[in-house]
2 protein chains.
Amino acid sequence: MIETLSAIVGSANVATGPDAAAWARDWTGKYEGVPAAVVRPASTDEVAAILRVASEHRRAIVPVSGNTGLNGGAHAPGALVLSLDRMRAIRGIDTAARTAEVQAGVVLADLHAATEALDLIFPMTFGAKGSARIGGMIATNAGGSNVLRYGSMRHLVLGLEAVMADGRVMRLMGGLHKDNTGLDLRQLLIGSEGTLGIVTAAVLKLAPKPRAFATAMVAAASLPAALDLLNRLKDASVGSVEAFEYMPASYIARHMAHIRGSREPFAERHEVNILVELGATAARDATPGPDGRIPLAALLEAELEAALEAGLVLDATVAQSEAQRREMWTRRENAAEITFTGEAVVDTDIAVPLSAVPAFFDHVRPAVAALDPGATDLAVAHLGDGNVHYTVYPSREDPGLFAAIRATIDDTAVSLGGSFSAEHGIGLSKLEALRRLKDPVALDAMRAIKRALDPQNILNPGKTIP
Amino acid sequence: MIETLSAIVGSANVATGPDAAAWARDWTGKYEGVPAAVVRPASTDEVAAILRVASEHRRAIVPVSGNTGLNGGAHAPGALVLSLDRMRAIRGIDTAARTAEVQAGVVLADLHAATEALDLIFPMTFGAKGSARIGGMIATNAGGSNVLRYGSMRHLVLGLEAVMADGRVMRLMGGLHKDNTGLDLRQLLIGSEGTLGIVTAAVLKLAPKPRAFATAMVAAASLPAALDLLNRLKDASVGSVEAFEYMPASYIARHMAHIRGSREPFAERHEVNILVELGATAARDATPGPDGRIPLAALLEAELEAALEAGLVLDATVAQSEAQRREMWTRRENAAEITFTGEAVVDTDIAVPLSAVPAFFDHVRPAVAALDPGATDLAVAHLGDGNVHYTVYPSREDPGLFAAIRATIDDTAVSLGGSFSAEHGIGLSKLEALRRLKDPVALDAMRAIKRALDPQNILNPGKTIP
């Protein structure tokens, strides 16, 4: 089969043995294992040809995009990896329609650069933007820091092309805002983590590039106070709030300890630190007034002032330069670096209704302490989405303890009307939670759809669908 | 079986024979046929019990909601109709989370009234709001006049409950903004027109009620000029444009002829008439200035002024009162009444990329005239979505001619990168277009999913999936 694959993509683009070892380890270091072979197609046709071969040989295929996932979705020991890293063409950007057509291997930061040169943005962003690729982002329905304003990947994909298990290509690349022609297979594939088809290209929604930003670090009096501030800002600015990111005191401390040259956001250490950003897309919001401030910054300052007087806010710093804004963002975007520092870790990705975020922390900390009094924790949250990345560092390496801690965190979220999986996908690490907590009728429907579209179970088998 | 069904819902809620005749005719009058029986459950449990009976007897079920569809999706001659009209409970409105939990039979206008009493809106609206029900709107992924700002039904459903073919209940009622727990079965069911499951309840996204509106009728110099104006307004008001509705001169003429007491929008008849509305949700947009105007109305007037000077706009009237605003909206919302006036009609629901709307009209009119020189036409469009309802009144009743005209309109849209189905669903009338124009791999995937989830083919058989 390796020979057949070499004939499709060229022998330089098939790696086996030691050459495949570059794909042996994922970013977190938790999922290790050398693939049997790695094949690197350059086009949709090549992906289709590979799938036909895999289908004929009933050989499992694990698609890998940027390999920045946190849940083992691309784990492939002894398997055949299909890497999309050569499919990085930005086929076109339509400035009038505000859409971009891209191959699945385009790196997020490259798309950012290409669109911004045309005064547009592809609005999704997160820490791994320098390595994450569009295909993986679609496969996991990625989120990030701007979901509040622009939505998840699901809301940003207008068209999609995918190769199905039998090697046939499904082309749904219309870039229309209204298109109802039968079952929405685009939405079914988004978030399916390569289990139903391999996404090879997409038409993505772009947005006008903000002309300016109003960005601040805010020390809120409490989590409920921070949520109150969020609602005030959303209502006052009509959807211009792009990010509302929560970093507790323990996050600031860990950031100071792990990142050289990092600084405290405030003179005093506060419990509830919020990075808030508003984006000014309209001229009326972005044209500086006599005092040099843009109207949206004046609005932010006025709201922070009012919140300070109302006791919701203890301290706040509005960025006065792009350098100050960058420092605020870098602190937030270092989350993955300071979370995965080599220690054994239980990392999670839960979401709860906004009003339940304070209760989540109130419930989960004693529950974890009851299992492991020596454990420490770390949290960072897209507070505007109710999405908390809550991480525990257990005091001892005990797989049973790790599983118990993870289950406790997931159960706490679900008991508050939340979800055990917000934006990182299921992969391997959340399979057990899915089996335990997902509606059983939905689980059966997922299995039936998987059997219908991939009867030989060759597409990323053993992931996402228990 | 009727006895068993009567035992489930009570005999008063099972109609047969002449009593079932009330369900014999749909709103358009194009799809006639008396159902064998109509069963009217009051709860999800009753729907589940009915589905278990239908499954046991391999008996087809056609779910009917408001019966306002235009494509025969609820056509059920000789079949068993499951009417959701008794399931009209608004279970709760969460003002903090801005969500509503409703049964599938809630009438859209009733939800409007309930939310507006709490200073919130369920933002979707269209002409049939007094009869259309939430279940049917979810089943067809309904659109309407506010999609530009708030999105289609697909974007407004956070949680969903459905009864599957075997009578089991799938509960996905979380109201979270980020929730990725395996395949997105909610999105798969939205737009599936009752072929995969029967939606019984939903959690819907609400929005702040606009404090004021800025509404105008605009005579644009041309369609490209109108699209230019749309982009100016969108960029200047940051997503406050709620509606941008196109009515050509022929629409105005037909409206004058069919609606008693209707008035011309302008002293002179213009070719390109646009209803534009901006919604002011923020205090800074809605607080009247010294001249009594709200800032968003001042912005609209300034943009119209500039567009007039630039030659994009020929005339414009800004509504000065709610009564004037209502008159503008009533003219638009009468579209269905003036389209379906008893004559034989080819009604369509196409979408094209925004920039292709002028070309669509340039191409389609001569193509229809070539088939039937005596045909007349009518158009009305959600111009901001590229969604045109283009209707032809052929000069003679000839089924072959009707089919040829429909195919020509669909083909024209698709040849311009568009879709033959934007917001009304597939039902029966677009099945042929779907078979002809949809990607064949996608069609096969749709069929495979249908077989997987409804192996006995009892859920609305013969609709939506060719």
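Biologist: Which residue forms a salt bridge with A:Lys430, and how far apart are the closest N and O atoms?

Modeller: Side chains of opposite charge can pair when their charged atoms come close. The rule here asks for a side-chain nitrogen of Lys or Arg within 4 Å of a carboxyl oxygen of Asp or Glu. In this predicted model, A:Lys430 pairs with A:Asp349, with 2.8 Å between the closest N and O atoms. The two residues are 81 apart and link distant parts of the chain: A:Lys430 sits in the loop between α15 (399-415) and α16 (431-437) of chain A, and A:Asp349 in the loop between β16 (346-347) and β17 (350-351) of chain A. Helices (H or I, at least four residues) and strands (E, at least two) are DSSP runs, numbered from the N terminus.

Biologist: Before we go on, what should I know about the numbering and the model?

Modeller: Residues are numbered from 1 along each chain as its sequence is written, and chains are lettered from A and ligands numbered from 1 in the order in which they are written. This is a predicted model, where local features need pLDDT of at least 70 and side-chain atom pairs count only at pLDDT 80 or more, while totals for chains, interfaces and linings use all residues; side-chain values use heavy atoms, leaving out hydrogens and water.

Biologist: How do I read the area buried between chain A and chain B?

Modeller: Buried area is the accessible area (1.4 Å probe) that two parts lose on being put together, summed over both. For chain A and chain B that comes to about 5,700 Å², with 59% from carbon and sulfur atoms. On the chain A side, A:Lys178, A:Asn180 and A:Leu183 lose the most area, together 16% of what that side buries.

Biologist: And how many residues does the contact take from each chain?

Modeller: Contact means heavy atoms within 4.5 Å. By that rule, 71 residues of chain A and 71 residues of chain B take part.

Biologist: What relates chain A to chain B?

Modeller: Copies are superposed by least squares on the C-alpha atoms of residues with pLDDT of at least 70 in both. Here a rotation of 180° with 0.0 Å of shift along its axis superposes chain A on chain B (RMSD 0.0 Å). That is the relation of a two-fold axis. The same surface serves both copies, as 100% of the contact residues of chain A recur in chain B.

Biologist: Now within one chain: which domains does the assignment give for chain A?

Modeller: Domain bounds come from an automatic or database domain assignment. For chain A they are domain 1 (2-83), domain 2 (90-208), domain 3 (212-335) and domain 4 (342-441). The C-alpha centres of domain 1 of chain A and domain 2 of chain A lie 22 Å apart.

Biologist: What do domain 1 and domain 2 of chain A bury between them?

Modeller: They bury about 1,200 Å², 64% of it on carbon and sulfur atoms. A:Thr44, A:Leu51 and A:Ser65 supply 40% of the area that domain 1 of chain A buries against domain 2 of chain A, more than any other three residues. The count of salt bridges between these two domains is 0. α2 (44-56) and β3 (61-64) of chain A each supply at least two residues of the domain 1 side, and α2(A) gives the largest share, 7 residues.
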